[in-house]
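Dear colleague,

Please find the structure below, together with its sequence. My notes on what was found in it follow.

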Number of protein chains: 2
Amino acid sequence: MTISIFGVPGLPEIAAGSDLAAMIAAASTAEGSPIANGDIVVVTSKIVSKAEGRTVELDSVTPSPFAQQFADAWEKEPAIVELVLRESRRVVRQVGPVLITETRHGFVCANSGVDQSSSGAAGRAVLLPEDPDASARGLRRGFQERGADVAVIISDTFGRPWREGQTDIAIGIAGLAPVVSYIGEHDPHGHEFLVQAVCRADELASAGELVKGNLSRVPVAVIRGYDWEPDDEASMQDIIRESERDLFR
Amino acid sequence: MTISIFGVPGLPEIAAGSDLAAMIAAASTAEGSPIANGDIVVVTSKIVSKAEGRTVELDSVTPSPFAQQFADAWEKEPAIVELVLRESRRVVRQVGPVLITETRHGFVCANSGVDQSSSGAAGRAVLLPEDPDASARGLRRGFQERGADVAVIISDTFGRPWREGQTDIAIGIAGLAPVVSYIGEHDPHGHEFLVQAVCRADELASAGELVKGNLSRVPVAVIRGYDWEPDDEASMQDIIRESERDLFR
């Protein structure tokens, strides 16, 4: 099995209401590598958010007294702090200016995923999609309508405790079960796997980043040749760890 | 840019003293895809450990009283608990039977990376390589001697806080700087990246896993077509977060 991974460049600037599946399909066709049956399409969450209108002009945000205090103490933008808090359901760590939060979706990340980069304008922030699984399912339907039965992963860039640097991981998925379990299977010497379950959604998102890059403005990657079975029930709920199973809540 | 990723199957069982670079080069040539200049070779830590003799017969291990107590309490193998403790410099979390430790290298993972699966025999455990960067450099030299200037990543399978499932990440590297920083660069609208640094070593390790798999016994992946500059100073020290910068120590 050889997997190939390539980016889809040439997308126009995405705005609220953009038909992302149509634009990605057109751009991939224009590049000479149209999206095809069996592909996995990895889409950076930022363009999904922008297409869904999940952007906020900072001057429209009234910070709470707490957000204002926090911003003053650490020389942060008060409106950004306010948005980070609104997008969170829990502050996991607050150390100095750093806010690690749990988003309403259940993701633990810096700043609830609120980001000003590549937002399309100065003074504008982008929030994570409201329901990234639904976003992924919508994109999948859009590709299916154009004749390509694909899986879709919405990716975002997260840090990892104990490690420097960030990697792209999955925050939304459609068509592909995100975790493959080997639990109960045996190695050739009879040793039983007790915990092994591969989070392939995160591995695929990371693989996609290798051709995307943050400055090169290629927000979509296509992974071709990976062997997978369609699963219409796929959801990030298989990845988000229940509180009682988590050692680092 | 299109990246291609393929596994190197057909390796013989690895034993202490095996010349891994020679065996991988031979297997890749036999498969018709010889390792070539510019490739990134991702090698599962387990075969590196086995080649380096980092295996232990469990009946040779005398558990400490603490290891014995812990094993009794949670129905674990006392010798395994003993090895996990010996390989660690700190227990990060101990919740029920689960031991999350910091290894002597500075990696935070379950059971100090001690594992019985694919160890080559029942009653045998495999430890992480003593110095995975040195292992990677040795493999890189081995490929260079055979005419291929490549980067080498030693990968292992780690869980991630707050997420289900494990992904392959890097524990040793040679030839390729593991982290690429965008800090101080600007997006097209002038927004400055303040924290962005991509841990591409982990992304490459994850990408490699997509063609390896745990049961298919393909312990080596080749990533071809990724654009990188050789860096002889590359080291995992760029990834391991200093205690004072870490929010989850």
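Which residue of β1(B) does A:Thr2 stand opposite? A:Thr2 stands opposite B:Phe6. Before I place this pair in context, some conventions are needed. This is a predicted model, in which local features need pLDDT of at least 70 and side-chain atom pairs count only at pLDDT 80 or more, while totals for chains, interfaces and linings use all residues. Residues are numbered from 1 along each chain as its sequence is written, and chains are lettered from A and ligands numbered from 1 in the order in which they are written. Helices (H or I, at least four residues) and strands (E, at least two) are DSSP runs, numbered from the N terminus.

The two chains

Strand β1 (residues 2-7) of chain A runs antiparallel to β1(B), and five bridges join them. Two strands are said to pair if DSSP finds at least two bridges between them. In general, strands of a sheet pair through backbone hydrogen bonds, either parallel or antiparallel.

The contact between the chains takes 56 residues from chain A and 56 residues from chain B; two residues are in contact if their C-beta atoms, placed from the backbone, lie within 7 Å. On the side of chain B that touches chain A, at least two residues each come from β1 (2-7), β4 (88-95), β5 (98-103), β9 (166-174), β11 (197-199) and α6 (200-212) of chain B. The most come from α6(B), which gives eight residues. By type, this side of chain B divides into 27 nonpolar, 16 polar and 13 charged residues. Here Ala, Val, Leu, Ile, Met, Phe, Trp, Tyr, Cys and Pro count as nonpolar, Asp, Glu, Lys and Arg as charged, and the others, Gly among them, as polar.

Chain B is superposed on chain A by a rotation of 180° with 0.0 Å of shift along its axis (RMSD 0.0 Å). That is the relation of a two-fold axis. The superposition is by least squares on the C-alpha atoms of residues with pLDDT of at least 70 in both copies. The same surface serves both copies, as 100% of the contact residues of chain B recur in chain A.

A sheet in chain B

Three strands of chain B form an open sheet in the order β4-β5-β6, with antiparallel pairing. Its edge strands, β4 and β6 (108-110) of chain B, each pair on one side only. Six bridges link β4(B) and β5(B), and B:Val95 stands opposite B:Val98 in β5(B).

In helix α4 (residues 78-86) of chain A, the buried residues include A:Ile80, A:Glu82 and A:Val84. A residue is buried if 20 or more other C-beta atoms lie within 10 Å of its own, exposed if 12 or fewer, and partly exposed in between, with C-beta atoms placed from the backbone. A:Glu82 counts as buried because it has 22 C-beta neighbours inside 10 Å. Leaving aside neighbours within four places in sequence, A:Glu82 is in contact with A:Val61, A:Pro63, A:Ser64 and A:Ala67.

Chain A is assigned domain 1 (1-48 + 131-240) and domain 2 (55-128); such bounds come from an automatic or database domain assignment. The centres of domain 1 and domain 2 of chain A, taken over C-alpha atoms, are separated by 26 Å. Nine residues of domain 1 of chain A are in contact with 10 residues of domain 2 of chain A. On the domain 1 side, β8(A) gives the most, with three residues.

Yours sincerely
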